[in-house]
Amino acid sequence: MQAWVQRNRIFLLHLSFWAVYFSFFLYQILSYGSRRGQDPDVSEAIIAAVMQIAFMMSVSYLNYFLFLPRFLAKKQVWRYLAELIVPFTLLVIGYVHLKRFQIDGYTYHEHYFYSERFVVQIVINTLFILIFVGMLRFAEDWFELEARKKEVENEKLMAELRFLKAQINPHFLFNTLNNLYYLAFNQSPQTTEVISKLSQMMRYMIYDSNHPNVLLSKELAYMENYIGLEKLRLNYEVPITFTQTGKVEEVRIVPLIFITFLENAFKHGVSNNATKSWIEIAIDVRENQCFYRVANSKLPATKSVDAPEKSGIGLVNVRRRLELSYPGNYHLEVVDLPESYEIELTLNLA
């Protein structure tokens, strides 16, 4: 329903205006009869109101569809007025005579309708309605301009999102191929398992991640494959926990929005040589919010994961994607302690 209203807002705007005008004019006619001590004739009042609406619409839309577009195209005021004044005058004269015939059959019993005051009132009212309906034309052009601006902005945002997402792939491939090279160099029997997991991840990145949003369960499967690769590289010597709570199967999120934080945790927080290194990952879905937490130990003599020389394009990339994909609907908190580093990301999914 809302989409239909949005598509037909100009038509509904015009329809609303004429409905209000018809009601107001009908009320005026009935009130005029009551003030003169006459019983109001509803049928005659409706006929008079219909005549008034038909006349006003004829003048207004002749200007709206014919003369006003010419003026907007050429911006020549005097030519516009010269073209409009002749049909405007003819229509007013025709309506004045029709109104006199409808009121008393041209018997001159109703003196007001043969006075200059009546003609001036018709001209002023007609000019007012003509100008008001003409303003609706400007409103329509403004709506179209805003729609085009919004469309261009959306296209720019989508182009930037595609560019940012494209940066994720080589960043991820660089890290994963390093892991694969390490296993292959050591002739690990787990190399085939790594290739299988990498294949599943690439399938997700090539097909699923091209959609605006994906099921959270698919994103988590992608993250589990990534964690599996890292566990193989680390020979399962580093404590890594990944907990999932809530109805993750019913939630959709922007794809590849979590992986950068996870990559940085493994890149800067754990090592086979650091016996006390660890990583904790948690996903919690509650109502219309998704809570994501990644905490890791710090390697000796390393700076914060958020340091520019460490994070490269990764964190800058994901922060920008959050701004574009969840504007005003996310909260990112960083806890940087001497021996640990933690990020907490909250996404409002409603």
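This is a predicted model: local features need pLDDT of at least 70, side-chain atom pairs count only at pLDDT 80 or more; totals for chains, interfaces and linings use all residues.
## Overall make-up

The chain has 350 residues, of which 39% count as buried, and its secondary structure consists of 10 helices and seven strands. The accessible surface of the chain amounts to about 20,600 Å², and carbon and sulfur atoms account for 61% of that area.

## Cavities and the lining of one of them

Rolling a probe the size of a water molecule over the atoms shows where empty space is left. In this model the count comes to three cavities of 30 Å³ or more, and the second largest cavity has a volume of about 40 Å³.

The second largest cavity is lined by R70, F71, K74, Q76, R79, Y80 and E83. Two elements, helix 3 (42-74) and helix 4 (77-104), each give two or more residues to that lining. Sorted by class, the lining of the second largest cavity comprises four charged residues, two nonpolar residues and one polar residue.

## Two residues with positive phi

Most residues other than glycine have a negative phi. Y106 has a phi near 60°, a positive value in a residue that is not glycine, and its place is in the loop between helix 4 and helix 5 (116-185). With a relative accessibility of 29%, Y106 counts as partly exposed.

E287, likewise not a glycine, has a positive phi of about 55°. E287 is found in the loop between strand 4 (279-286) and strand 5 (289-297), and because its relative accessibility is 77%, E287 counts as exposed.

Q200 belongs to helix 6, which covers residues 191-206, and with a relative accessible area of 37% Q200 is partly exposed. The side chain of Q200 makes a polar contact with the side chain of N225, at 3.4 Å. These two residues are 25 residues apart along the chain, and the C-alpha atoms of Q200 and N225 are separated by 7.8 Å.

V334 lies in strand 6, which runs over residues 330-336, and with a relative accessibility of 34% V334 counts as partly exposed. When neighbours within four places in sequence are left aside, V334 is in contact with R319, Y341, E342 and I343. From V334 to L345 the C-alpha to C-alpha distance is 8.8 Å, and the two residues are 11 residues apart in sequence.

S340 is found in strand 7, which spans residues 340-348. Because the relative accessibility of S340 is 17%, under the 20% limit for burial, S340 counts as buried. Leaving aside neighbours within four places in sequence, the contacts of S340 are with W278, N296, S297, K298 and V335.

Technical notes: Residues are numbered from 1 along each chain as its sequence is written. Side-chain values use heavy atoms; hydrogens and water are left out. Helices (H or I, at least four residues) and strands (E, at least two) are DSSP runs, numbered from the N terminus. Buried means under 20% relative accessible area, exposed over 50%, partly exposed in between (1.4 Å probe, protein chains only). Contact means heavy atoms within 4.5 Å. On a 1 Å grid over the protein atoms alone, a cavity is a set of points where a 1.4 Å probe fits but cannot get out, and a pocket is an open set with protein on both sides within 12 Å along at least five of seven lines; lining residues have an atom within 4 Å of a point. Grid points are joined across faces, edges and corners, and a volume is the space filled by probe spheres set on the points. Ala, Val, Leu, Ile, Met, Phe, Trp, Tyr, Cys and Pro count as nonpolar, Asp, Glu, Lys and Arg as charged, and the others, Gly among them, as polar. Accessible areas come from the Shrake-Rupley method with a 1.4 Å probe; for residues, only the protein chains shown count as cover. A polar contact is a pair of N or O atoms within 3.5 Å; within protein, one must be able to donate a hydrogen and the other to accept it, and residues adjacent in sequence count only if both atoms are side-chain atoms.
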